[in-house]
Amino acid sequence: MKTTIQLEKEQVSIDLSKPHDISLAVQNNAGVGAWYIDQPVIKHVEVDGYVGNVKLGGSTNFNDVNFNPHSHGTHTECIGHITEEFHSVNNALDGTFFKAQLISVRPQETDGDLVINESVTTPLAAGIKAVILRTMPNPESNKSKNYSNSNPPYVDAGLMLRFRESGIQHILIDLPSVDKEKDNGALLAHKEFWNFNGEQRLDATITELIYVPDVIKDGFYMLDLQVAPIENDAAPSRPILYEIL
């Protein structure tokens, strides 16, 4: 299942039969979480005598799903996350395939915080449209971690500015936010990347709470960024990586 994708200045070949899924799923009362709210609830519907559960005698399984895209599982957000004006992530992508660079980073301690800054990243290659940041260490327990009140690492606003100036459209990270958990609403990293105080970038996205297993090596990939079609500032997403042949 090999295919070739024509980018602006190069052709890239990938094998569609060998995807690397780096998303975390929304789960019933389980999975990764953040931002001080309860875990998702997936529960069958009961209405007018109908029970949406085959085990309980229903004809079908028919569940309501109650979750928050920012808190539960992998999600992609657009500038509408921080603007008064409504912007939907459903309109942010003009395509789904992007050449990406995966970079493992070890945050540096700064004033009691762990910060991802330019000193811990590698140079960006030409033609890259997406950057995937994998923070180290990278235990599998992060796939079910509750990040609330844990002051997790965050990205220095200066690094986000460099990404923007380098033409990066999409940032993906395995943390609940590119900003500090409690920053009094400053959101400096978000604002720098989306150029909040200038010509705002409506086609740039930030994807959070991914998980990249250690078996996937740093380097270059084709990213297929699939976002659920929900008219909201953020929606669950499924980023897939393909090795470049």
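Modeller: A nonpolar core here is a set of buried Ala, Val, Leu, Ile, Met, Phe, Trp, Tyr and Cys residues joined through side-chain atoms within 4.5 Å. The model is predicted. Its largest nonpolar core has 30 residues. Val131, Met160, Phe163 and Phe193 have the most contacts inside this core. Helix H1 (157–165) is one of the elements that give two or more residues to the core. The others are strand S9 (97–105), strand S12 (130–135), strand S14 (170–173) and helix H2 (188–194). Apart from this core lies another, of 19 residues, with Ile22, Leu172, Tyr221 and Ala235 among them.

Now H1 itself. Its buried residues are Ala157, Leu159, Met160, Arg162 and Phe163. An α-helix has 3.6 residues a turn, so residues three or four places apart point the same way. The cover over the buried residues of H1 includes strand S11 (113–116), S12, strand S13 (154–155), S14, H2 and strand S15 (205–208).

Phe163 shows the packing in detail. Leaving aside residues up to four places away in sequence, Phe163 touches Leu124, Val131, Leu133, Ile168, Ile171 and Phe193.

Next, the ends of the helix. Just after H1, Gly167 has a positive phi of about 85 degrees.

Arg162 is the charged case. Its relative accessible area is 18%, so it counts as buried, given the cut-off of under 20%. Arg162 forms a salt bridge with Glu118, with the closest N and O atoms 3.2 Å apart. That pair links distant parts of the chain: Glu118 sits in the loop between S11 and S12, Arg162 in H1, 44 residues apart. Glu118 is partly exposed, at 46% relative accessible area.

Asp218 and Arg134 meet through their side chains at 2.8 Å, N to O. Arg134 lies in S12, and Asp218 in the loop between S15 and strand S16 (219–227), 84 residues apart. Arg134 is buried at 3% relative accessibility, whereas Asp218 is partly exposed at 41%.

S9 also gives residues to the core, and Lys99 lies in S9. Lys99 forms a salt bridge with Glu10, at 2.7 Å between the closest N and O atoms. Glu10 is in the loop between S1 and strand S2 (11–15), so this pair ties together parts 89 residues apart in sequence. Lys99 is buried at 13%, while Glu10 is partly exposed at 29%. The whole structure has 6 salt bridges.

Definitions and conventions
Residues are numbered from 1 along each chain as its sequence is written. This is a predicted model: local features need pLDDT of at least 70, side-chain atom pairs count only at pLDDT 80 or more; totals for chains, interfaces and linings use all residues. Side-chain values use heavy atoms; hydrogens and water are left out. Buried means under 20% relative accessible area, exposed over 50%, partly exposed in between (1.4 Å probe, protein chains only). Helices (H or I, at least four residues) and strands (E, at least two) are DSSP runs, numbered from the N terminus. Contact means heavy atoms within 4.5 Å. A salt bridge is a side-chain nitrogen of Lys or Arg within 4 Å of a carboxyl oxygen of Asp or Glu.
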